[in-house]
Amino acid sequence: MADLNDSLALWPAPVAPGAVDATVTVPGSKSVTNRALILAALAADPGWLRRPLRSRDTLLMADALRTLGIGIEETVSSSSSVSGLPQGRGEAWRVIPAALQAPAAIDVGNAGTVMRFLPPLAALADGPVVFDGDPRSHERPLHGVIDALRALGARIDDGGRGALPMTVHGAGTLEGGPVEVDASSSSQFISALLLSGARFNQGVEVRHTGGPLPSMPHIRMTVEMLRRVGAQVDTPESGGEPDVWRVTHGALLGQDLVIEPDLSNAQPFLAAALVTGGTVTIPDWPHRTTQPGDALREIFTEMGGSCTLHDHGLTFTGSGRVRGIDADLSEVGELTPGIAAVAALAEEESVLRGVAHLRLHETDRLAALTKEINGLGGDVTETEDGLRIRPRPLRGGVFHTYDDHRLATAGAVLGLVTEGVQVENIATTGKTMPEFPELWSGMLGSPVARD
Ligand SMILES: O=C(O)C1=C[C@@H](OP(=O)(O)O)[C@@H](O)[C@H](O)C1
Ligand SMILES: C=C(OP(=O)(O)O)C(=O)O
């Protein structure tokens, strides 16, 4: 698969001149921003998103909602309107809900959140909504959303593929009610149905059937954000049945929400501290959060660092030693590429488990990490549900990224301590962090390296 991409630009990954020592302000969370946009669009009154992430995935979501008739106005708000926000960082989106318009055509790019969270909302529009995206979006699982919406009363034309492209024939309302979904290939099936569920006539009761459900923190994020806008949500954790989530029909409130920094996008910077024996501070690290990236405090501590959560953020310090890890990453799958990069630089073997579903992410992440780390001289083997990584001295070479932002940042981490790593298409980080090259150079105290 690498050869197809060889024509894309190569980015010479900078080698760290020594232990890094930096403060890195990470942009807003993709997962929180795209949930907040959906909830604001479905609310009974206007709302605000402060410090939203502006990246390919969130701009696709905002554009799609605009196409459906939702007003989204961008403003640069002054610090006075949000207490505690420094001047100049207060960009905000004002979201003005409206009746959902169709016909409409939506580009999902390769954003799981867009391709899965929007179809339930489109079923509430009055007419056909066509969904399409990058070639990879046709391969990513969507059957859970399609089958569930059909069972809840929607008409969907997917040519029998159970995947994109497809047309959701919105009827203005959706009956809703109980539905079974096998969400073992993506937690986003559950989140998608819950996010719009309060607007279905009977609400929604989603029962997961099938193998282990990945990415539980992301489902908790959905539940918590729904409750914040006034939805009544029953969950296994609140005394309900295992694997069953229920959202009661009702109006959602417009809210004023400050988006947390994206802790999964903080990962490469924390990894930089770990592999160089340096220190990185991430301002505004939340003291309580549902983001899976919060698990990095524990995971990277086990891998050799230490951290302090203080009033201004998180400070993470590497010890100069990088330890191997044996970890079940099913709850935090999106952290796997970054953990794999660190593991390739460790002193002992690592085994990463519980992440078979990563084969269906932006790319087949297990195959891509194996091929690319081994291409630099590493020793990675794919297991049934993850990776076995035996550290070996690495050498320079091209690190292909397969349009996967997290492969690109993983390559940058390897390049910090390996001369001559060239990351192909660093611009693919624009999916969730367009400013990655600048932030990386800034962390290293050097001018911006551009592809
Ligand atoms: O709901 C979300 O915002 C996400 C859920 C997870 O998806 P999967 O459960 O498909 O892994 C995660 O990997 C993705 O990056 C974001
Ligand atoms: C899997 C990811 O994204 P998506 O929302 O497209 O599923 C990711 O960001 O690691």
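This is a predicted model: local features need pLDDT of at least 70, side-chain atom pairs count only at pLDDT 80 or more; totals for chains, interfaces and linings use all residues.
The axes of α3 (residues 112–122) and α5 (residues 188–197) come within 8 Å of each other and cross at roughly 40 degrees. On the α3 side, the contact is made by G112, T113, R116, F117, P120 and L121. On the α5 side, Q188, F189, S191, A192, L193, L195 and S196 take part. Sorted by class, the residues where α3 meets α5 are seven nonpolar, five polar and one charged.

Now stay with α3 for a moment. Of its 11 residues, 11 are buried, so this helix is largely enclosed by the rest of the structure. You can follow the buried residues along the helix from G112, T113 and V114 through to P120, L121 and A122.

The elements that give two or more residues to the shell around ligand 1 are α3 and α5. In total, 13 residues surround ligand 1, and the closest are S31, S186, S187, S215 and H218. This shell is made up of 11 polar residues, one nonpolar and one charged.

In soluble globular proteins, nonpolar side chains tend to be buried together. The largest nonpolar core here has 77 residues, and L37, L39 and L49 touch the most other members. Helix α1 (residues 30–42) gives this core its largest share, eight residues. If you look at L37 and leave aside its neighbours within four places in sequence, you will find L37 in contact with L49, M61, A62, L65 and V95. Apart from this core lies another one, of 70 residues, which includes A272, L407, A412 and F436.

Most residues other than glycine have a negative phi, and most peptide bonds are trans. One runs from A102 to P103, with omega near 5 degrees, and P103 is found in the loop between β5 (91–96) and β6 (104–107). Another cis peptide bond joins L164 and P165, with omega about -5 degrees. P165 sits in the loop between β8 (155–157) and β9 (166–171).

The loop between β8 and β9 also holds D158. D158 has 18 other C-beta atoms within 10 Å, so it is partly exposed. Not counting residues up to four places away in sequence, D158 touches I146, A163 and M166. D158 and I146 are 12 residues apart in sequence, while their C-alpha atoms are 8.4 Å apart in space.

Finally, look for positive phi values. Y402 is not a glycine, yet it has a positive phi of about 50 degrees. Y402 lies in the loop between β22 (397–399) and α11 (405–416), and it counts as buried because it has 22 C-beta neighbours inside 10 Å. N425, also a residue other than glycine, has a positive phi near 55 degrees. Its place is in the loop between β23 (421–424) and α12 (436–444). N425 has 23 C-beta neighbours inside 10 Å, so N425 counts as buried too.

How values were computed. Residues are numbered from 1 along each chain as its sequence is written. Chains are lettered from A and ligands numbered from 1 in the order in which they are written. Axes are lines fitted to C-alpha atoms, for helices over the stretch in contact, and angles run from 0 to 180 degrees between N-to-C directions. Helices (H or I, at least four residues) and strands (E, at least two) are DSSP runs, numbered from the N terminus. Two residues are in contact if their C-beta atoms, placed from the backbone, lie within 7 Å. Ala, Val, Leu, Ile, Met, Phe, Trp, Tyr, Cys and Pro count as nonpolar, Asp, Glu, Lys and Arg as charged, and the others, Gly among them, as polar. A nonpolar core is a set of buried Ala, Val, Leu, Ile, Met, Phe, Trp, Tyr and Cys residues joined through C-beta atoms within 7 Å. A residue is buried if 20 or more other C-beta atoms lie within 10 Å of its own, exposed if 12 or fewer, and partly exposed in between; C-beta atoms are placed from the backbone. A residue is near a molecule or strand if its C-beta atom, placed from the backbone, lies within 6 Å of it.
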